[in-house]
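Please keep the structure in view while reading.

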Amino acid sequence: MGNAKVPFLDLVTVHRDLHDELLAVFKTALDTAGFIGGPMVHEFEREFAEFCESRWCVGMGSGTDALRLALMAAGVQPGDTVVTVPLTFIATTEAISQAGARPDFVDIDERTCTMDPRKLRAYLETDCTPDLQSGRVVSKRTGSAVTAVIPVHLYGQMADMDPILELAARFNFIVIEDACQAHGAEYFSKKEDRWRKAGSMGRAAAFSFYPGKNLGACGEAGAVTTDDEGVARRCQMLRDHGQSRKYFHDLEGYNGRLDAIQAGVLRVKLRHLAKWNEQRRERARGYDELFTGSAGAIALQQVPLWSRPVYHLYAVRVADRERLQADLTAAGIGTGIHYPIPLHLLQAYEALGFRPGDFPVAEQAASQVLSLPMFPDLSPEQQRRVTTEVFQSMRMRESGGVR
Ligand SMILES: Cc1ncc(COP(=O)(O)O)c(C=O)c1O
């Protein structure tokens, strides 16, 4: 292994291994001129719904389209308040704003970096006032009714869904899962006494198939899953200019379709997803073991007993993150930061008026998280090299030295 570089993500090897099957997809599309809709899209939708243990899957142009159209199809109206977490990709709140709603936030649980149900409850009970007529609550900050909540299954680990769904029933809002990083992740529902798949618990869920995801296309792609036939039908119309049949537009929609080539690619890769997720879990166990004995200098993401994550990312937390990242870059090791600025402090949301300190757990996480190389083909030698370099950097810091 020596000092060979370790990439953050290797998207070349996986496609090389599947080269012939993927070329066959492109050939089929060219031979049949079937670029939009058609059997590859329908088959993928059927297979992905089955994988997620949900009744319906509606292919979309991206995860962002999937989130936005899921919110709209599930009934979120312009002016409504939709609550999510500050530690996520901006697409979560873009989808809320672009559906005409107003984003609001509750903080994360520091152990899992996902929505803290206790904070959601506190928000609903104290930062909102009840509206007896609708049975909903009205956010004191936005002045409008909270009609939906988006828990984000961050880094491949599901949010604590049971208490969130209990609050949804009590306060009359819908739950849309942001499952864009969590293809195949599972949650043990105590209420139902069984494991549930990401994408099967909310009114609907959004998935991204951006190339680097656990299930990635060779371009842009996404999907909505749902058990609700009405939501599925509205998603099908919204992604296709609001038409129920060609040129019969029941409403104004969007161009948000999954294209056939990407659907064909996703079908090929879906057959390997369970195996790849298992390999990611093995890699995560490998890192966990290599990091035991780091004497608390490196905090690992906790996995509660109710969670079976799929490790889209392997994020650690360290006090001097910028320096560790610089040392790893100098040693040829790729890393990422997910995400350096919590959404409420982004310039894009300046007008919302949030201040540093409003969501302290997310803010601290954003200043400490560092994602290490993680992909199914990552070798144990590569992992050892990563952890050796991490320890080396920490030792240098302790001794006050520079490399
Ligand atoms: C948590 C989360 N939500 C939404 C998205 C948006 O997905 P896409 O890039 O496919 O639009 C992503 C993708 O990066 C994501 O990670």
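In this predicted model, a polar side-chain atom of Lys-213 is placed 2.8 Å from an oxygen atom of the ligand. The protein covers 92% of the 390 Å² of accessible area that the ligand has on its own, and the space that the ligand takes up is the largest pocket.

**Ligand contacts**
- Thr-64 brings a polar side-chain atom to 2.5 Å from an oxygen atom of the ligand, whereas Gly-63 contributes a polar backbone atom, which lies 2.8 Å from a ligand oxygen atom.
- Around the ligand there are 14 residues, of which Gly-63, Thr-64, Asp-178, Ser-208 and Lys-213 come nearest.

**The shell around the ligand**
- Two or more residues of this shell come from each of helix 4 (63–73) and helix 5 (91–98).
- By residue class, the shell comprises 5 nonpolar, 7 polar and 2 charged residues.

- The structure holds 1 cavity of 30 Å³ or more, and about 160 Å³ of space lies in the largest cavity.
- Its lining is made up of 16 residues, and those nearest the centre of the largest cavity are Asp-10, Leu-11, Val-14, Arg-280 and Pro-376.
- Helix 1 (11–17) and helix 9 (260–291) each supply at least two residues of that lining, with helix 9 giving the most, namely 3 residues.
- The lining of the largest cavity divides into 8 nonpolar, 3 polar and 5 charged residues.

Terms used. Residues numbered from 1 in each chain as written. Predicted model: local features only at pLDDT ≥ 70, side-chain atom pairs only at ≥ 80, totals over all residues. Heavy atoms only, no water. Near = heavy atom within 4 Å. Polar contact = N/O pair within 3.5 Å; in protein donor to acceptor, adjacent residues only side chain to side chain. Areas by Shrake-Rupley, 256 points an atom, 1.4 Å probe, with all protein chains shown as cover. 1 Å grid on protein atoms, 1.4 Å probe; cavity = no way out; pocket = protein on both sides within 12 Å on 5 of 7 lines; lining within 4 Å. Sits in = over half its atoms within 2 Å of the grid points. Helix = DSSP H or I, 4+ residues; strand = E, 2+ residues; numbered from the N terminus. Nonpolar A, V, L, I, M, F, W, Y, C, P; charged D, E, K, R; others polar. Points joined across faces, edges and corners; volume = space filled by probe spheres on them.
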